Amino acid sequence: MATAATSPQPDGGPRTRRRRGTIAPYVLIAPALVLFTAFMAVPILYALHLSTQGLRIVDEGVFGIRDEVFVGLANYGEILTDGSFWAGFGRLGLYGLIAVPLTLGLALLFALLLDHRASRAKRFTRIAIFLPYAIPGVVASLMWGFMYLPSTSPFSYLTRELGLGAIPFLDGDAIYPSLANIAIWGGTGFNMIIIYTSLRGIPAELCDAARIDGCTEWQIARRIKIPLVAPALVLTGLFALIGTLQVYGEPTMLRPMTTEISQTWVPLMHIYRDGFIRDDLPMAAAGSVILAVGTLILSLALLKATQRRAFGGFK
């Protein structure tokens, strides 16, 4: 009489399967953890460490030797009492007052127009408005810089031909709208795509019911579409706020073309000067930490102030 042999299960027993189920999440998340540690956690911790160091003369020879020593919070105290650092935030505020509302307003307007049922050539229009976002910021800044310079500006050429003289794009307070124009030109398309995608998610029955009730397209946009895309508006507003606090490329590229932009015109230029012109990396690290913490606080404050209205009290 033949005895049936019990063949081993190919995936092991229940204990082996439980062990694999326990290990699997860690294996799957390991690459993300390694990348986060290498490219986020380590640089942040190193910046915090560097911000507590200071360059001091440790050799009393003829020329002296600079060395890094622990100075605690002295760098933070020094940069927090630096008037030029805070003046950069003031300029940043004026720049943001122009760039952020216009960027978001134009993005919302274009998105609503594209979502209108009478709109034509939607795909071409979306690409045309989004295209400036694909152009590198350095290239865009140089392009607009040459259009601002009186000697190369086509706008100033036309006004000179009309006997009005050159337009002072880079002189005095005109530097703020000139810089904001570059950000508006490059950022409107990106924000428009986010808002337009949110608009496409609104059920068509809502708008059709409003039209049957006699609502105009403006009333539909104001009372139905804009409230329903409020989360997208909050998201784009957050992106715009963070982008404003990180302004660096535009003023840096226009600086050789005008005397209105100093080395410390915005906080990031101040940090760059400390780190790479003065060779004071600890002071630059302290400025970076202050800017990062300020950005985090403002972002959380914006989300806190808008989440109840935009997300219906969701936390």
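Before we start clicking, one term: a residue counts as buried under 20% relative accessible area, exposed over 50%, and partly exposed in between, using a 1.4 Å probe and protein chains only. What you have open is a predicted model, in which local features need pLDDT of at least 70 and side-chain atom pairs count only at pLDDT 80 or more, while totals for chains, interfaces and linings use all residues. Residues are numbered from 1 along each chain as its sequence is written, and side-chain values use heavy atoms, with hydrogens and water left out.

**The whole chain**

Show the cartoon first. The protein chain has 13 helices and 2 strands; these are DSSP runs (H or I of at least four residues for helices, E of at least two for strands), numbered from the N terminus. Of its 315 residues, 32% are buried. Among contacts (heavy atoms within 4.5 Å) with a separation of 6 or more, 62% are between residues 24 or more positions apart.

**Two annotated spans**

The UniProt record, an unreviewed entry, lists residues under "transmembrane region", including 23-46 and 92-115. Such annotations may be inferred rather than shown by experiment; the positions follow the numbering used here, and feature names are shortened. Select 23-46: this span is 100% helix, and its end C-alpha atoms lie 31 Å apart. Residues 92-115 are also 100% helix, with end C-alpha atoms 33 Å apart.

Now pick isoleucine 44, in helix H1 (residues 14-51). Isoleucine 44 is partly exposed at 47% relative accessible area.

**Along H3**

Jump to leucine 97 in helix H3, an exposed residue at 63%. Its C-alpha atom is 9.1 Å from that of alanine 180, 83 residues apart along the chain.

**Aromatic rings**

How many aromatic pairs does the structure hold? There are 13. Rings of Phe, Tyr and Trp (its six-membered ring) pair if their centres lie within 6.5 Å; planes under 30 degrees apart are stacked, over 60 edge-to-face, and the rest tilted. Phenylalanine 130 and tyrosine 133 have ring centres 5.5 Å apart and planes at 45 degrees, so this pair is tilted. Phenylalanine 130 is partly exposed at 30%, and tyrosine 133 is partly exposed at 41%. Tyrosine 248 and tyrosine 272 are tilted as well, with centres 5.8 Å apart and planes at 50 degrees. Tyrosine 248 sits in the loop between helix H10 (230-245) and H11, and tyrosine 272 in helix H12, so the pair ties together parts 24 residues apart in sequence. For a cluster, select Trp144, Tyr148, Phe155, Phe169 and Trp185.

**Last stops: loops**

Is threonine 264 buried or exposed? With a relative accessible area of 10%, threonine 264 is buried. Threonine 264 lies in the loop between helix H11 (249-254) and helix H12 (267-277) and touches residues including Ser84, Arg91 and His270. Finish at aspartate 279, in the loop between H12 and helix H13 (281-311), where phi is near 60 degrees, a positive value in a residue other than glycine.

Conventions: Lists of a residue's contacts leave out its neighbours within four places in sequence.
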